[in-house]
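My entries are below the display.

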Amino acid sequence: MNELREKAKDLLQSGTVKVIIGYTGTSDPYRTKPFIARTAEDADKLVFNNYCVNNLAVYLTRKEYKQNGIVGIVAKGCDVKAIIQLIQENQINKDDIYIIGINCNAQVQELGKEFGSETIATKCLNCFVRTPRLQHTLIGTINELPKREDVHLEKLKKLESMTSEERWEFWEKEFERCVKCYACRQVCPLCFCDRCIADKSIPQWIESSAHKRGNFSWNIIRAFHLSGRCIGCNECERACPSDIPLSLLNRKMGMFARKEFDYAAGMSLDAPTLVGSYNTNDRQDFIK
Amino acid sequence: MEEKKFEPKIAAFVCNWCTYTGADLAGTSRLKYPANIKMIRVPCTGRIDPLFIIKAFEKGADGVLISGCHPGDCHYNSGNFHARRRWILFQELLSFVGIDSSRLQFSWVSASEGKKFVDIVNEVTNVIKEKGPFEKYAKINREFVIDE
Amino acid sequence: MDEKLINAENLSLLVSDLLNEKHLVICQDEKAVGWKSINDAGKLVINNAGVPSNISYKEFILPKTEPIFFFKNEKENFNLVEKDPADQKMIFIGAKPCDARSIEIMSKVFNWDYKDKFFNKRAENSIVIGVACSYQDEFCFCTSVGLSPVTEKGSDIFLIPLNEENYALRIVTDKGKEFIKSYEKYFSDGNTGASKAVLEKINIPAKKFDTLKVKEWITNNFENKLFDEAGSICIGCGQCAFACPVCHCFDIIDEECSYTCGRRMKNWDACQFGQFTLHSSGHNPRNNQSKRYRQRIAHKFKYYHDKFEEILCTGCGRCSRGCPVGIDIAKVAEEINLSANQA
């Protein structure tokens, strides 16, 4: 932690960065929250541990951080994937940010519980970006992780083995609880549209009401807009107050993009994006 | 009391330059095709947002047909290539959520393929007729309706 | 006051009776995500010792989406069809004091300059069976807003769990009295000694802040930078407003519109949404998250109290527990209190 604080202090004092977006502790040892450090004094409040679940890349597309000096950001592997995807999509400039990369030793699935083999986040079980793929400085060391079953993969396999009717019933029951709080959208670093299609009212494409039809429309379109772009931080699922298994939708589309197009989001700074490009040899056996 | 046979409502999003013209050719050649199909002309299949498909189901369509130029023949060069990629992803997503892939059909029909258009429309209409009304969406469409 | 006893078996039979009479029996779901109406007495959950559900039971009194009228345009006629809320009794079982007060607090604004029939009809049809709460975590702060784990105000009937099988019952309102009378056979006479003993064992947490001091500070510190801390990390989702048992802002929109028909819907809205105060001119008076967060705190602790002498908060802590970025409303109020003391 000291390494992080020293580095942050140095960056702020030397004027290399204007602010550093990082995590700070709370009165609960099993919780941290996002924190904007602006002075050397603030830098002493920065922390990094197994409770830094937030994907801070969501703040990078905010107006106050654009063209206002270099923004420092404390980022673990999954967060850096989001940053790479944002750079790939021309939403932020690589030169406008300073990534303090962290060698991450996994996070908890739910804040407030002690980190261990029961509480390690499902997304961390098979992480291959323990060392972030892009950083300006790297802090920390990699240790071995506790293991447990990949419950999401199990659920996915179960869903895939169901009939179409059963799947509809499953999702109907899940989406019924949606309250349209848009926490999933707001917490997602890749939902950065200035005006989301759901907010367009003339014409109203996605109904804003939280009834079944409006909920289906919203969740399906959001899953589609994230296909090939979601980097799997699972923040959407964590933020959802109704406990809707959003990670299943996004993971399914991520796995499909890999299988069908050999494409994974957040891996390459200059590769063309999945839906923004095409291949003349794309599959067309389903087209008459 | 004779029961009315189910006549599906099929929304067809067709591209102006190829399929729409092909459908027009079917008309001028006096070829008949079922009236179940309601055509919506767009400049190119690349214009088609998957939102349109969801909207069509919300408005009561039992099936959706999307048709455009053959790859390589797009009037705007690559619109249909972009569209094809979107459809691959969207079809997978819909099937994962429990919407049968038979409710959403795609075809390439060029401006000279009037006969092919008729064949496609017949095929799609029959498939959807067989499948029956799209009850799943009909149910959620009826959630807040006044009693007649 | 009147006190009765009921055992778990009779409670189950009572619930079955209520269900047979086609009333809605609503309790927390097993996973503590929200409240739902049950169709089987076996599914009854009385959560007096667990964490409050992520979302309150507000959606039964103020639905997350509801049609307020339908319209049809016929050739000669224009028809407006109003849809009144169903005349169905709703019995909420197991409401902690922080939940039980929600209907009373919200009814002030819904009977202010306009008597909202949608809210009032539902509130009239509700019976709240509260329960003494033995849960406490770092996010709870009911005692700071004038409540406590054993407050009976807000419930029609208040349950006090004596042990695994038995509850003492205190009748708080006339509505509660009527209810007990109708199902008399399930209750036996109370034992005030036993219930008192249980209540005394419940820990009443210390107050975290003084609401009057907080209100005064807000009145005099509108432009204070204190709100920037939350504003800088708040992501502007609606979780806090939607989970809250007393937040009540709504959006009116028209749906399903064609020339011939449509319906007007009343949906939940949140002052934290970026477009909440967006004018059609394009101007947005609350154009950053700090201003929006200031509105939330000011509304809850000052404006609502100015108008109705009620704090628009029951201290349940749902907003803080569920906040994706860990903004804790009690901590913000504590900070304000500290600031007020230093002044």
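I am working from a predicted model, in which local features need pLDDT of at least 70, side-chain atom pairs count only at pLDDT 80 or more, and totals for chains, interfaces and linings use all residues. Residues are numbered from 1 along each chain as its sequence is written, and chains are lettered from A and ligands numbered from 1 in the order in which they are written.

Entry 1, chains A and B. I counted a contact where the C-beta atoms of two residues, placed from the backbone, lie within 7 Å. On that basis 30 residues of chain A touch 32 residues of chain B. I then asked which elements of chain A give two or more residues to this side. They are helix 5 (164-176), helix 7 (212-225) and helix 9 (246-261). Helix 7 of chain A gives the most, with eight residues. Helices here are DSSP runs (H or I, at least four residues), numbered from the N terminus. By class, I find 14 nonpolar, seven polar and nine charged residues on the chain A side. Nonpolar means Ala, Val, Leu, Ile, Met, Phe, Trp, Tyr, Cys and Pro; charged means Asp, Glu, Lys and Arg; the others, Gly among them, are polar.

Domain 1 of chain C puts 20 residues into the contact and domain 2 of chain C puts in 22. On the domain 1 side, helix 3 (97-100) and helix 4 (102-109) of chain C each give two or more residues. Helix 4 of chain C has the largest share, five residues. I note 12 nonpolar, five polar and three charged residues on that side.
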